[in-house]
Amino acid sequence: MALDVEVPPPPELNRVDPNEYEDAEVVGDTDYKRDDIEALLRDGAWTEAFTDWAAGTNMDERTFDIVTDLDMLRQFDFFWDAFAERVGYHAPGIPEDWKEREYHPELDSWGTVSSINAGLTELGQIVCDVLLDDYIDWESEYEAPDDLPDFE
């Protein structure tokens, strides 16, 4: 099933240390290259990834309307993980206490919540893949520690 919606604008990336997210761990370099990634998203990576995702997602337009009502796409965060030489991401999600909080009037089942959370996770991964495969050509600069033995 394809989701037939207009491509929304790319997110403006957070300035959060990725280690503060429950679902991310970044070791080493703290240059997350968010400005560079934002530029790549604006230059076409977001449109390419979103179009790919929309063509294969199980999310329907009613569910996507909830995502846009909650402005969830703007809550994505993407960052460079130099240690792993990959793009990391944090996808927004609907919390477990959505019923108690009356999170959105159209949220009516765990199935809808699961569809949103899974769909946004898939979108995040597709964006990372598109960025790394088609847009990013950075190479991390490895600096050997000073205390390595000299084998001459």
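Let's start in a loop: Asp71 sits between α2 and β1, and its phi is near 55 degrees, a positive value in a residue other than glycine. This is a predicted model, and the protein in it has four helices and two strands. Going along the sequence, the pattern reads α-α-β-β-α-α. Of the 152 residues, 38% count as buried.

- Glu85 is found in the loop between β1 and β2.
- Phi of Glu85 is near 50 degrees, again a positive value in a residue other than glycine.
- Glu85 also counts as partly exposed, at 43% relative accessibility.

**Helix α1, the bent one**
- Helix α1 runs over residues 34–56, and its end C-alpha atoms span only 27 Å.
- A straight helix of 23 residues would span 33 Å at 1.5 Å a residue.
- There's a kink of about 70 degrees in α1, and it is centred on Arg42.

**Helix α4, close to its expected span**
- α4 has 26 residues and reaches 36 Å from its first C-alpha to its last, close to the 38 Å expected at 1.5 Å a residue.
- Among the buried residues of α4 are Val113, Ile116, Leu120, Leu123, Val127 and Leu131.
- As a bit of background, an α-helix has 3.6 residues a turn, so residues three or four places apart point the same way.
- The cover over the buried residues of α4 includes α1, α2, β1, β2 and α3 (98–101).

**Where α2 meets α4**
- α2 and α4 pack at an angle of about 70 degrees, and their axes are 10 Å apart.
- That angle makes α2 roughly perpendicular to α4, because angles of 65 to 115 degrees count as roughly perpendicular.
- On the α2 side, the residues in this contact are Arg62, Thr63, Ile66 and Val67.
- On the α4 side, they are Thr112, Ser115, Ile116 and Leu120.
- Sorted by class, the contact of α2 with α4 has four nonpolar, three polar and one charged residues.

- Pro11 lies in the segment before α1.
- Is Pro11 buried or exposed? Pro11 is buried, because its relative accessible area is 4%, and buried means under 20%.
- Leaving out residues up to four places away in sequence, Pro11 touches Glu38, Leu41, Trp46, Leu73, Arg74, Phe76 and Phe78.
- Pro11 and Gln75 are 64 residues apart along the chain, yet their C-alpha atoms are separated by 6.7 Å.
- Glu38, one of the residues that Pro11 touches, lies in helix α1.
- Glu38 counts as buried, at 12% relative accessibility.
- With residues up to four places away in sequence not counted, Glu38 touches Pro11, Glu12, Leu13 and Arg15.

**Contacts across the chain**
- Among contacts between residues at least 6 apart in sequence, 73% join residues at least 24 apart.

Conventions. Residues numbered from 1 in each chain as written. Predicted model: local features only at pLDDT ≥ 70, side-chain atom pairs only at ≥ 80, totals over all residues. Heavy atoms only, no water. Expected span 1.5 Å × (residues − 1). Bend = angle between axes of the 7 residues up to and from the residue. Axes fitted to C-alpha atoms, helices over the stretch in contact; angles between N-to-C directions. Parallel < 35°, antiparallel > 145°, perpendicular 65-115°, else oblique. Contact = heavy atoms within 4.5 Å. Nonpolar A, V, L, I, M, F, W, Y, C, P; charged D, E, K, R; others polar. Buried < 20%, exposed > 50% of the residue type's maximum accessible area, 1.4 Å probe, protein only.
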